[in-house]
Amino acid sequence: MSTEIKSPLPGVFYRKPSPESAPFKNDGDSVAADDVIGLVEVMKSFHEVKAGVAGKGIRFAIDDADAVMAGQVIAEVEA
Amino acid sequence: MTLRSVLIANRGEIAVRIIRAAKALGLRTVLAHSVADKDSLAAQLADETVDIGPPAAKKSYLNIEAVVNAAKTAKVDAVHPGYGFLAENAEFADAVTAAGIIFVGPSAEAIRLLGDKVMARQVAALAGVPTVPGSDGRVTDLGEAIAIAARIGFPVMIKAAAGGGGRGIRIVQDADEFARQFPQASSEAAAAFGDGGLYIEKVIERARHVEVQILGDGSDVVHCYERECSLQRRRQKVWEEAPAVGLPDDVRQRLCASAVALGRAVGYSGAGTVEYLYDDASGEFYFIEVNTRIQVEHPVTEMITGLDLVQEMLRIAGGAKLSVSQDDIRIEGHAIECRINAEDPYKGFMPGPGTIETLVVPDGEGIRFDTLLFEGYAVPPFYDSLLGKLIVRGADRADCLARLRTALDGLVITGIPTTIPLHAALARDASVTDGRTHTRFLEPWLESDFAQLARAREDA
């Protein structure tokens, strides 16, 4: 069974804390509910997105620096 | 030459403002916009529009090549950069000029010189403008550094020479702490900025942020008096007024004269702002930096002087001399500007882009609302949260505040959260109405007074 992680805000989704950094998570990584999986930049402020669910393999649905709508699926996590 | 056309390389309320000013002068207006702004108010008002790329500012509004190509394609005489984005980018000014197009603003050399903090401070000092007491450039020797700090008087800031935007600053209270912190600050600066250079500056506590608007035509420079922008959150101005509150006239004269001296020293052309810290207690003011562009808060100056600063910038860019002499510029009344942002002040200023349902703008004498909004407009999430600026003028500050309270109550924006309630509370706060504010006033006030108001509102 898989769970969707949705963007809480509209904006631009980043998979890395800074352009030079490694991604928070790679496809296939396991996640804990409290793990940060990305940032949404909205109106020049950055908001952390947490997995909200624990699971074995995360699979991202969108690329780094892509625009997202609120409620859009960012990733799926296999339980 | 006189301009016939101008490309506006910006968005939002300032793009609207520039288009209106250019049209008033009979210019053809061309808006360079990102995909996200194709339905914006500025796009509707401009005579022509050019798409310069995707929503992300890096790929559109900050893309020098895209903007210069748009200006060449549209065959405009000039480019107005507004504020933010490329407005203070010397490379952009060079690229525009190299394309045979006029950059509406000072020369690339002036932007470069005044954009470098250490150089700007040296130019200011040479022009006789008081700078914050500190070391004369870099300090490396601890003993020498302690002697300088003791001479200036504690508390002092140890700043990384290569730092900026608030990074690499330590505040120390006495010589012992200084001796401990100085070597640490140096190694930290070396690690963070690749340069362990340090300098020392006095901490000005409870200062007001006061800034002087200047206009230059390359030979003559005048000032349009000052603005006070002490109410700031996270170093962002929230509320601005003109003239500054409780500034003695002799200080005002010296302050404004020093800004003109600095402008003359660099042969300044266009609109610019010289920023200072003003210490109420000592009556001293100190240079901080120069902004080589039109500023968000320029309307408060327009309201008290009757000038149109954007039209003036365009005329100067077209080769005209200043249309006013210093004697023509006088202060009449008092003006306050409230920045209305798409943020929820009750929820930690969380930004809230979305669609505008209702927009009711108060009107009446002395009220101005500079905005990008219209009903049905979808505020995009990609840019800053400024929706508009409510500017109110009154006969004096008390009259202005009374009118402001009414105007704020009459300003209705629904569909998204806004900072209107914050301004309504500030306009009724005794410290604000009495003018007892400083640059470190707003954040603690938000934690205490405003939080209390928010709780009362939830209980109601």
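Modeller: Buried area is the accessible area, taken with a 1.4 Å probe, that two parts lose on being put together, summed over both. This is a predicted model, in which local features need pLDDT of at least 70 and side-chain atom pairs count only at pLDDT 80 or more, while totals for chains, interfaces and linings use all residues. Residues are numbered from 1 along each chain as its sequence is written, and side-chain values use heavy atoms, with hydrogens and water left out.

Biologist: What makes up the area buried between chain A and chain B?

Modeller: About 860 Å² is buried between chain A and chain B, and carbon and sulfur atoms give 77% of this area. On the side of chain A, 56% of what is buried against chain B comes from A:Pro10, A:Met43 and A:Lys44, more than from any other three residues.

Biologist: How many residues of chain A and chain B are in contact?

Modeller: Contact means heavy atoms within 4.5 Å, and 11 residues of chain A are in contact with 12 residues of chain B.

Biologist: How many salt bridges are counted between chain A and chain B?

Modeller: A salt bridge needs a side-chain nitrogen of Lys or Arg within 4 Å of a carboxyl oxygen of Asp or Glu, and the count between chain A and chain B is 0.

Biologist: Why are β4 and β5 of chain B called paired?

Modeller: Two strands pair if DSSP finds at least two bridges between them; 2 bridges join β4 (residues 78–80) of chain B to β5(B), so these parallel strands count as paired. B:Val79 stands opposite B:Phe103 in β5(B).

Technical notes: Chains lettered and ligands numbered in written order. Helix = DSSP H or I, 4+ residues; strand = E, 2+ residues; numbered from the N terminus.
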